[in-house]
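Work through the exercises below with the model open. Each task is followed by its solution.

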Amino acid sequence: MRFLLVAIRITMTLMYTLSSSSRICTTASWIGHHGVKRNVSGPPSAAVRRVFLTTNANVRYHGTTTTSSIRRFAASSSSGNATEVAAPKKRDPRTLGSAKVPFTWNQLRSIVENDQLDKMSRSASEQKRYEEYTAVIKTQWVSVVDNILYSKFGFEREQTMVDHQSLFRAVPSLSEVTSVYTSLVPNDFPYYVEEGIEHWCLWKLCEDVSPSDIIAAKKELYETRNAEEFIHWVNPPHLKSIPQIDHAHILIRTE
C-alpha cells in the first residue's frame, strides 16, 4: 500500500510539472500584425483581451517563438498566460553597463527565460550614443515622452516656452490622447546582439501592450522581415526608461 501511495504521488508531481511547462509554452506562442510605424487609432478590437494588464510589479510576460509556432497559432487567438517571479534588485536603466561582446541568440533566450533582464546591455559605443541623444532631447523637447509621441507615433509638434526657453511639445500631449495607438518600430538604440538579430519595440498608448498585440507584431515581422525565431518581453517598472508609455521588446532572428 505504501508503495502504491508513493507511486501515485510521483505520478501527480510529474503531471503537474508537465502542465506547468505547457502553460509556459503557451505563453511563448505570441505573434502579431502591426507594421513599421503603423499607427492604430480607435478602440481595441474584441480580439484584444486585457489579460495582459496587472497591478503586480512582479509579474513578467515573456517568451520565445519559432516559425513552426507562428504557422500553428497564426489563425487562432491567444488569451496569454502570466509567469509570476520575484523582481530583481532595482536598477536604474539609464546607468546600465555596456557589453564587451555581442549576445548570442541562446544567451538572449536564457536571459529572458530566467528573468535576468537587468543583464541586457548595449555596446559601449551604442550606450554613449544613447546618452548623448537623450541629453540633446532634453534640451529641445518638453519631455522625452513628447519626443516619443512625435517620432514613434507621428504626432504633430509645436514650440512652447518653458522657463524662458523655446521647446518642442507633441500635439496632442500624452494626457490629451483618448484613442488607442500602437507603433512597431526598430529600437533606435538596440542591445549588443550578433548579426542576424534585430531589436524591435512595440509601443502602445492608452492601454498596456496585450498578448494579442504581441501576436500581431510577431506575425507582421514574420511576414515582412522573414523572421524565423522570436524573443519578447515587457520590462518591469523599475527597468523601464520611459514608464509613461507601455512598450514591449521583440528580438527576431532572420534566415
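**Exercise 1.** Find the elements against which the buried residues of α5 pack.

Solution. Start with the partners: α4, β5 (165-171), β6 (181-186) and β7 (197-205). Contact here is heavy atoms within 4.5 Å. Helices (H or I, at least four residues) and strands (E, at least two) are DSSP runs, numbered from the N terminus. The model is predicted: local features need pLDDT of at least 70, side-chain atom pairs count only at pLDDT 80 or more, and totals for chains, interfaces and linings use all residues. Residues are numbered from 1 along each chain as its sequence is written, and side-chain values use heavy atoms, leaving out hydrogens and water.

Next, list the buried residues of α5: Val145, Asp146, Asn147, Ile148, Leu149, Lys152 and Phe153. Buried means under 20% relative accessible area, exposed over 50%, partly exposed in between (1.4 Å probe, protein chains only). Seven of the ten residues in α5 (residues 144-153) are buried, so the rest of the structure largely encloses this helix.

Last, step past the helix. Glycine 154 follows α5 and has a positive phi, near 75°.
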